[in-house]
Amino acid sequence: MTLFDQVSNDIKDAMKARDKVRLETLRNIKKVFLEAKTAPGANDTLEDAAALKIIQKLAKQGREAAEVFQQQHRPDLAEGELAQVAVMETYLPKQISEEEIAAIVRDIVAQTGAEGMKDMGRVMGLATKQMAGRADGRIISTIVKQLLA
């Protein structure tokens with residue numbers, strides 16, 4: 001079952017359960033999926049890898065919006081965004097810890113022979129590719145900077 005089909009089935013389940021937050025979130029995800037499927041050159045298909053990237057992007061946007069709401073002293077709006085992010089995260093692969101990220105980055109630094117900040121681009125490219133979908137880019141970047149500094 002593709003991720004698109006899974007989201008469609010989960011919309012039905014959310015309707016039956018009368019779970020408004022989950023239903024609204026899943027409908028939003030499906031809307032973006034449909035837009036991606038009908039985009040020029042998509043041939044009316046959506047691969048699971050592309051669908052995962054879409055969900056990751058939506059979750060990141062939700063977290064950033066919640067952060068802005070917190071800064072503006074609007075915890076009610078931040079709470080709603082975080083509730084939607086929690087629903088999105090159920091479809092994403094399990095995130096790895098900062099310690100695991102640091103270990104992977106150390107291995108990449110050793111493999112590439114990176115010695116300073118001038119090699120950050122190479123290390124970041126390999127690290128983001130290797131940990132795609134399992135780690136936030138900002139965390140990876142912070143750890144790479146610490147290790148190369």
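A residue is termed buried when its relative accessible area is under 20%, exposed when that area is over 50%, and partly exposed in between, with a 1.4 Å probe and protein chains only taken into account. At 26% relative accessibility, Asp136 therefore counts as partly exposed; Asp136 is placed in the loop between helix 6 and helix 7, and its C-alpha lies 15 Å from that of Ala103, with 33 residues separating the two in sequence.

The structure is a predicted model, for which local features need pLDDT of at least 70 and side-chain atom pairs count only at pLDDT 80 or more, while totals for chains, interfaces and linings use all residues. Residues are numbered from 1 along each chain as its sequence is written, and side-chain values use heavy atoms, with hydrogens and water left out.

The protein has 7 helices and 0 strands, where helices (H or I, at least four residues) and strands (E, at least two) are DSSP runs numbered from the N terminus. Along its principal axes the C-alpha trace spans about 55 × 45 × 25 Å, and 35% of the 149 residues count as buried. Of the contacts (heavy atoms within 4.5 Å) with a separation of 6 or more, 57% are accounted for by residues 24 or more positions apart.

When residues up to four places away in sequence are not counted, Ile55 touches Leu3, Ile29, Phe33, Met88, Tyr91 and Leu92.

In helix 7 (residues 137–148), Ile140, Ser141, Ile143, Val144 and Leu148 are buried. Seen down the axis of helix 7, these residues fall within an arc of 165°, the arc being that of the directions from the helix axis to the C-beta atoms, so they line one face of the helix. Their cover includes helix 5 (98–112) and helix 6 (120–130).
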